[in-house]
Amino acid sequence: MVLRGRTAAAGAAITGLVVLGVTGCSSGDGGGGKGGDGGKKDAAPPAITPANGTQQVAPDQPVTVKSAKGRLTEVTVTDAKGGKAEGKLADDGSSWRSTWGLKPGTTYTVTAKGESGTATSTFTTLKPRAKLESGMSPLEGEKVGVGMPVQLLLTRPVTTKEAKAALERRLEVRMSKPVEGAWNWISDKEVDFRPKEYWPSGQKVQVRAHLAGFKAAEGVYGMKDRVLNFTVGPRHVTTIDAKTHRATVTDGGKTARTMKVSLGKPGDDSYTGVMIAQEKNPAMVMDSATTGNPGAYRTPTKWNVRMTYSGTFVHSAPWSTGSQGSANVSHGCVNAAPDDAKWFYEFTQRGDVIEVTGTTRKLQFGNGPTPWAKSWEGWLEGSALGAPVTGTPLG
């Protein structure tokens, strides 16, 4: 049976703003004069941009520090709560530049020390005119199946290829076992990451989304960064054949269980394609009204594992046990016997791979998290950068 619906997996916000950035260089006023240079009275202290006292600084404007003479020895950029902006020192030590954006509506203090002295600069970024919020999936700390993608969901669209590429550059994927993967824009409000092949079991993943200061559109900026950690559980892959009416469940490549099933009858065919377990619900009501056919059925079901947003599930169906293993009689879902359905429900992790074959109805990309509905080459085409990403080691 079929039920429409979509479960949001994550939440939490970032915010954004408009920009009229004021820039300038400053030698600073906090110990950067002649008394704070360690006796080098003829050398100017480091120069800092934005200049001391600057207001309305664009959050995507980098902080830069340049030494007038010799190497820089220390640069810190901190806000009132002690948060620090990341940055990188040039190879020759003569300059420093922030790596990512700044939080809007925030006052920062820059302290730069070098061979020529010390300088400070305090400035404030713009307050947001509009907010860009986001959510991420999987959930923080979740253990998922080998087919689970990373989803970054946005409340406002990112419409230009330039902005999409800029966002992809701000997304880091760190892994305990680095593998190749790529980002793909599902829509202007969603960008997902998947590895080239299924995740290795035991993989630990950390996604760092440097969204603070990201300019999504004119006047729209990210408010804060996000960090997501999850792990990959055992390799569970289930293959379901509509012609043989059998489901074979594997665990680490070995068969864990074979189940008799019944798929969608002609006209209500199940989808053929590679899906994932999107969510689990021990009890729910399948209502045909959600598929545009009110009154056809309204049936309580148990041990439901969702496979598509449009409402395809593996679930217990005691009323069709006589057809399971021999005929397809459902409204599109995968019917299983109560004992089999309960076992499958308890065995399954979100993100486990479920592949259906033998029907004439093809799974549509985007009907849920469907990263495996596209070939690797097709997935790469959805990246604004058009290139794969190899995960960095998780330290």
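**Reading a predicted fold, feature by feature**

Me: Let's start with helix H1 (residues 161-169): which of its residues are buried?

Reply: Ala163, Lys164, Ala165, Leu167 and Glu168 are the buried residues of H1. Buried means under 20% relative accessible area, exposed means over 50%, and partly exposed is in between (1.4 Å probe, protein chains only). Helices (H or I, at least four residues) and strands (E, at least two) are DSSP runs, numbered from the N terminus. This is a predicted model, in which local features need pLDDT of at least 70 and side-chain atom pairs count only at pLDDT 80 or more, while totals for chains, interfaces and linings use all residues. Residues are numbered from 1 along each chain as its sequence is written, and side-chain values use heavy atoms, with hydrogens and water left out.

Me: What covers the buried residues of H1?

Reply: Look for contacts, meaning heavy atoms within 4.5 Å. Here the cover includes strands E11 (150-154), E12 (171-175), E13 (180-187) and E16 (215-217). H1 lies across E11 and E13, and runs at about 140 degrees to E13. For angles like that, axes are lines fitted to C-alpha atoms (for helices over the stretch in contact), and the angles run from 0 to 180 degrees between N-to-C directions.

Me: How do I read the sheet that E11 and E13 belong to?

Reply: Start from the pairing rule: two strands pair if DSSP finds at least two bridges between them. Here that gives an open sheet of 5 strands in the order E9-E11-E14-E13-E29, with antiparallel pairing. Strand E9 (134-137) and strand E29 (389-390) are at the edges with a single partner strand each, so one side of each has no neighbour in the sheet. E13 and E29 are joined by 2 bridges, and Glu180 stands opposite Thr390 in E29.

Me: Is Asp192 buried or exposed?

Reply: Asp192 counts as buried, because its relative accessibility is 3%. You'll find Asp192 in strand E14 (residues 190-195). Setting aside neighbours within four places in sequence, Asp192 touches Val150, Gln151, Leu152, Ala182, Trp183, Asn184, Ile186 and Trp379.

Me: Which strands make up the open sheet of 4 strands?

Reply: That one has the order E1-E2-E5-E4, with antiparallel pairing. Strand E1 (47-49) and strand E4 (87-89) are its edges, each with a single partner strand, so one side of each lacks a neighbour in the sheet. From one strand to the next, the twist averages 10 degrees.

Inside the sheet, 3 bridges join strand E2 (residues 64-66) to strand E5 (residues 95-98). Val65 stands opposite Trp96, and Thr64 stands opposite Arg97. E5 has a covered face with Trp96 and Ser98, and an uncovered one with Ser95 and Arg97. E5 also pairs with E4 in the antiparallel sense over 3 bridges, with Gly87 opposite Ser98. In the E4-E5 hairpin, which has 5 residues between the strands, Gly93 takes a positive phi near 75 degrees.

Me: How many aromatic pairs turn up in the whole structure?

Reply: The general idea first: rings of Phe, Tyr and Trp (its six-membered ring) pair if their centres lie within 6.5 Å, with planes under 30 degrees apart called stacked, over 60 edge-to-face and the rest tilted. The search finds 8 pairs. One of them, Tyr198 with Trp372, is edge-to-face: 4.7 Å centre to centre, 80 degrees between the planes. Tyr198 sits in the loop between E14 and strand E15 (204-209), and Trp372 in the loop between strand E28 (361-362) and helix H3 (376-381), so the pair ties together parts 174 residues apart in sequence. Tyr198 is partly exposed at 23%, whereas Trp372 is buried at 13%. Elsewhere, ring pairs link Trp183, Phe193, Trp199 and Phe230 into a cluster.

Me: And charges over rings?

Reply: A charge sits over a ring if NZ of Lys or CZ of Arg is within 6 Å of the ring centre and within 35 degrees of the ring normal. The charged end of Lys280 is over the ring of Tyr345, 4.7 Å from its centre. Lys374 lies over the face of Phe365, at 4.2 Å from the ring centre.

Me: Where is Gly145 found?

Reply: In the loop between strand E10 (143-144) and E11. Gly145 counts as buried because its relative accessibility is 0%. Gly145 and Gly233 are 88 residues apart in sequence, yet 5.6 Å apart in space, C-alpha to C-alpha.
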